[in-house]
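Visitor: I would like to know what stands behind the labels. Please take me through them one by one.

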Amino acid sequence: MSIITNQAAKLNRQVIPEKIISEYLSWAIDKPVAVKEISLMSGGVHNNILVNATVDGESQKYVIRQMPPAESFGFARNQVKPYDLQLEFLALKDLERLSLKTPRVWGLDDRGKFLTRPAFVMEFIEGPTVL
């Protein structure tokens with residue numbers, strides 16, 4: 001069992017093959033991507049995947065944010081507005097123009113063509129999150 005498979009089992013998450021992640025990233029950023037390492041990020045309702053990759057000969061880190069499964073919301077499912085991944089993507093895209101340190105985003109797959117659930121890619125920014 002691989003490290004990613006062990007992590008997925010502990011976090012009750014689906015395992016996505018490296019080949020699929022590489023194809024999705026290549027489509028999202030419109031450049032060939034060589035995946036070096038994949039790890040699952042814990043915390044919150046998001047199914048974030050941290051990907052270390054090589055793009056144009058340089059090391060890059062990306063986060064793939066997937067739409068959380070309905071069961072992630074537990075008892076609050078009927079008490080919160082539906083999660084809108086597209087709105088989050090568009091808000092982050094708009095913030096790229098400002099001087100705020102927010103991650104650049106690419107590749108909104110709002111139909112889940114690649115990863116079975118809607119997702120987008122964002123750059124990894126080191127450090128704590130503001131929200």
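Guide: We start at Gly112, in the loop between β4 (105-109) and β5 (119-123). This is a predicted model: local features need pLDDT of at least 70, side-chain atom pairs count only at pLDDT 80 or more, and totals for chains, interfaces and linings use all residues. Residues are numbered from 1 along each chain as its sequence is written, and side-chain values use heavy atoms, leaving out hydrogens and water.

Visitor: Why is Gly112 called buried?

Guide: Buried means under 20% relative accessible area, exposed over 50%, and partly exposed in between, with a 1.4 Å probe and protein chains only. Gly112 has 8%, so Gly112 is buried.

Visitor: Which residues does Gly112 contact, leaving aside neighbours within four places in sequence?

Guide: Arg117 and Pro118. Contact means heavy atoms within 4.5 Å.

Visitor: What makes Lys19 and Glu23 a salt bridge?

Guide: The term asks for a side-chain nitrogen of Lys or Arg within 4 Å of a carboxyl oxygen of Asp or Glu. Here N to O is 2.6 Å, so Lys19 and Glu23 form one. The two residues are four apart in helix α2, and therefore separated by about one helical turn. Lys19 is exposed at 59%; Glu23 is partly exposed at 34%.

Visitor: What does the salt bridge between Asp56 and Lys31 tie together?

Guide: Its closest N and O atoms are 3.0 Å apart. Asp56 lies in the loop between β2 and β3, and Lys31 in the loop between α2 and β1, so the pair ties together parts 25 residues apart in sequence. Asp56 has 56% relative accessibility, so Asp56 counts as exposed. Lys31, at 37%, counts as partly exposed.

Visitor: How do you know that β3 and β5 pair?

Guide: Two strands pair if DSSP finds at least two bridges between them. Five bridges join β3 to β5, so they pair, and they run antiparallel.

Visitor: Why are β1 and β4 called edge strands?

Guide: The open sheet has five strands in the order β1-β2-β3-β5-β4, with antiparallel pairing. β1 and β4 each pair on one side only.

Visitor: Which strands does α2 touch?

Guide: α2 packs on the sheet, touching β1, β2, β3, β4 and β5.

Note on methods:
Axes are lines fitted to C-alpha atoms, for helices over the stretch in contact, and angles run from 0 to 180 degrees between N-to-C directions.
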